[in-house]
Amino acid sequence: MMYSTSPTSNSSAVSNSSALSGQLPQQIFTRRELIPLQNDVLWRIDRGAVRTLTWSEDGTFITLGYWGLGDLIGYPLSRVKPYQIECLTGVEVSIVPPHLWHQNINALLSHIQQAEDLLSIVHRKPISLRLWQFLVWLSEKFGRDVDKGKLIDLNVTHQDIAEVLNTTRVTVTRLLQQLEEEGTVLRHKRRIILPLANIKNYSSAVC
């Protein structure tokens, strides 16, 4: 399904009273809802997770990034067309108008760094290494500590992962089953747990 991605100018969304009080206006979105695109507004994620994406001429989705608490997202950060921001969970965001962007330099730098991290991962070979590095990346960004390791606290489907890694859902399913059989990853309901020892071994290998 395709969605309209024409950005609209909407600086009026930032009221004078909000600016004077120092509080940024907030909006809440539900899972799979699209965050509207605006030419002159960035969104700061206060709760939840989103992904940014585009698609090719044949309709194949291409994931550009995964973003969570504290990240800045929005049309001004991308020149890709079409462009879309999809909520992966319930999401609460604050509107950040242009005159406040300079106060968010660290978040803007983090956006660039995370985009490059993901770009480097999706070009790794073989695909099994690409998948493992993506899981580690997710665990660092969206993980929480549990008894058996670090649980990726984000409900991403095999199709979602395939769209990030430029492969097929069938391949992702097969490789995840192999990782589970090897004990490299564990399952908790529909979530993935990465044992801490495996993450530490990975970190040592890439240092």
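A residue is called buried here when its relative accessible area is under 20%, exposed when over 50%, and partly exposed in between, using a 1.4 Å probe and protein chains only. Helices (H or I, at least four residues) and strands (E, at least two) are DSSP runs, numbered from the N terminus. The model is predicted: local features need pLDDT of at least 70, side-chain atom pairs count only at pLDDT 80 or more, and totals for chains, interfaces and linings use all residues. Residues are numbered from 1 along each chain as its sequence is written, and side-chain values use heavy atoms, with hydrogens and water left out.

Start at strand β3, residues 50-55. Six of its six residues are buried, so β3 is largely enclosed by the rest of the structure. In a regular strand the side chains alternate between the two faces of the sheet. Both faces of β3 are covered. Val 50, Thr 52 and Thr 54 are buried on one side, and Arg 51, Leu 53 and Trp 55 on the other.

Now look at the neighbours of β3. Strands pair if DSSP finds at least two bridges between them. β3 pairs with β4 in the antiparallel sense, over six bridges. Thr 54 has Ile 62 of β4 as its bridge partner. The two strands form a hairpin with five residues between them, and Gly 59 in the turn has a positive phi of about 90°. β3 is also joined to β6 (residues 84-87) by four bridges, again antiparallel. There, Thr 52 stands opposite Ile 85.

Next come the rings. Rings of Phe, Tyr and Trp (its six-membered ring) pair if their centres lie within 6.5 Å; planes under 30 degrees apart count as stacked, over 60 as edge-to-face and the rest as tilted. The structure holds five such aromatic pairs. One of them is Trp 55 with Phe 61, edge-to-face at 5.8 Å centre to centre and 85° between the planes. Trp 55 counts as buried, at 13% relative accessibility. Phe 61 is partly exposed, at 21%. Tyr 66 and Phe 134 have ring centres 5.9 Å apart and planes at 70°, so this pair is edge-to-face too. Tyr 66 lies in β4 and Phe 134 in helix α3 (residues 127-142), so the pair ties together parts 68 residues apart in sequence. Both Tyr 66 and Phe 134 are buried. Ring pairs link these two and Trp 137 into a cluster.
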